[in-house]
Protein chains: 2
Amino acid sequence: MSTKQISPSGDRGAGLHVVKVGGNIIEKEEDLQAFLDAFSALPEPKILVHGGGKLATQLAERLEIPVQMINGRRITDAETVEVITMVYGGKVNKSIVAGLQARDCNAIGFSGADGNTILSVKRPVKEVDFGFVGDVVGVNAKLIHELTQIGITPVFCAITHDGKGQLLNTNADTIACELAIGLSEYYEVTLNYCFEKAGVLLDIQDENSVVKEIDTKKYADLLKDGIIADGMLPKLENCFYALKGGVHKVQLGKPEMLGKKDVNHTTLTL
Amino acid sequence: MSTKQISPSGDRGAGLHVVKVGGNIIEKEEDLQAFLDAFSALPEPKILVHGGGKLATQLAERLEIPVQMINGRRITDAETVEVITMVYGGKVNKSIVAGLQARDCNAIGFSGADGNTILSVKRPVKEVDFGFVGDVVGVNAKLIHELTQIGITPVFCAITHDGKGQLLNTNADTIACELAIGLSEYYEVTLNYCFEKAGVLLDIQDENSVVKEIDTKKYADLLKDGIIADGMLPKLENCFYALKGGVHKVQLGKPEMLGKKDVNHTTLTL
């Protein structure tokens, strides 16, 4: 049985794609398969990050475990962390890994506990007690780099650990961002957020109103004009945090944009 | 953040432990923690294999998915393969990985899809249609060897894949056996089956009646005398299959035997 290998280059400056895929895409079987086609066609090295929030909510409801969200964030008690571990780490992650293997992409699934790749601290209780939710404090970029150098494509679910045996629910956008920053020590990293829109839209109703390029100045203008609001606000904050942390560029759009210059999307640079 | 490293030796003949831990141990929190203490104290390189059948049955019952067993094997329809992926690949695997990380053992969780490590074929339908159950046809020992050489401890759940995107329920004893045979190309492998008994017992009621050593001749005698029966029969068949496949020795007993010569257990050699 052979494993697809890439020739180890060790070059700093070689390209790496970090791709975050949104929940609305992975939760529909047809969209997931189309996404996996696009992702597997990207050249290696590459890393995938996924969530699966709605599927976790569905399982929690079937098990009659109360679902409580505050500002779009899940309150994660002991039963809930078990549910998300089953859904994100089991069902979703292993399906994606098997789907990538079928496309000749040598994927290995990870939580942040696996290989001690992402260490977090349990979020301190302030106004809200989010429970077993983690804030990332460290990424083991050295190990992830080694794995990508032997042809492995890591697939991360939205779970980290505290190093003391506790798994922690962690935002997938944040995980993608922290991985992209960590890997920038070894690669020229492009961070891709794939979701159901074609990018940042001037008019949310018009898929043709994509803002193709946003730099720091343009970002300030868009904020001033109130173009960026709601869910897009924390996403773009994440993007600029990544760029300031050393990530080469960030792309936002539909999965069809991956590796294609002629498909509409938004590119962010400093 | 640092990763514990071992110096790559590359020696054929260096020792490797493959440890299969039984369901009765991992399903009790206290026993699981004691097992993880014993396992993490073993020197590297090492590999862990676990099942989790009773926990899968519990989840299936909560979800009102019918559980059907024939000769101790689970009939695995599409809903059931999802349940075992959530329980084995998610809940159990990630808890063990996090528990090992807390003990400074750099574990990564695997199904056979991850890294294309264990390829299976769906079991052909004869008298019984077992559904999505896999018979192992290949082990990617080269990749597993590479990972153990950079200090990784792989933790396998009882799931494999067919290389075409389908996950398959696979007996954990068999997985441990096939991994041990595959890794024998690189290491002198000791295969350990940890369960709730102290080994092969002459008298099933007497924990002090452990048969300490069994070779091919002794095995034939024990079979003739009807000492080996029921669940122990396929287990010992697996053991001798492993030995004939190149595994150095096989040990059966309680987790306390791991790495200890003075704790009662059964050792099998050809």
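Which side chain makes a polar contact with the side chain of A:Asn169? Select A:Asn169 and A:Thr76: their side chains form such a contact at 3.0 Å. A polar contact here is a pair of N or O atoms within 3.5 Å; within protein, one must be able to donate a hydrogen and the other to accept it, and residues adjacent in sequence count only if both atoms are side-chain atoms.

This is a predicted model, in which local features need pLDDT of at least 70, side-chain atom pairs count only at pLDDT 80 or more, and totals for chains, interfaces and linings use all residues. Residues are numbered from 1 along each chain as its sequence is written, chains are lettered from A and ligands numbered from 1 in the order in which they are written, and side-chain values use heavy atoms, with hydrogens and water left out.

**Chain A**

Stay on A:Asn169, which is found in strand β10 (residues 167-169). Helices (H or I, at least four residues) and strands (E, at least two) are DSSP runs, numbered from the N terminus. A:Asn169 is buried, with a relative accessible area of 9%; buried means under 20%, exposed over 50%, and partly exposed in between (1.4 Å probe, protein chains only).

A:Gly53 lies in helix α3 (residues 53-62) and is partly exposed at 23% relative accessibility. Not counting residues up to four places away in sequence, A:Gly53 touches A:Glu27, A:Arg74 and A:Tyr88; contact means heavy atoms within 4.5 Å.

**Chain B**

Now show the open sheet of 8 strands, ordered β5-β8-β2-β1-β11-β13-β14-β12, with mixed pairing. Two strands pair if DSSP finds at least two bridges between them. At the edges stand β5 (107-110) and β12 (213-214), each with a single partner strand, so one side of each has no neighbour in the sheet.

Select β1 (residues 15-21): 6 of its 7 residues are buried, so β1(B) is largely enclosed by the rest of the structure. β1(B) runs parallel to β11 (residues 188-194), joined by 7 bridges, and pairs in the parallel sense with β2(B) over 5 bridges. Centre on B:Lys20, which stands opposite B:Tyr193 in β11(B) and has B:Val49 as its bridge partner in β2(B).
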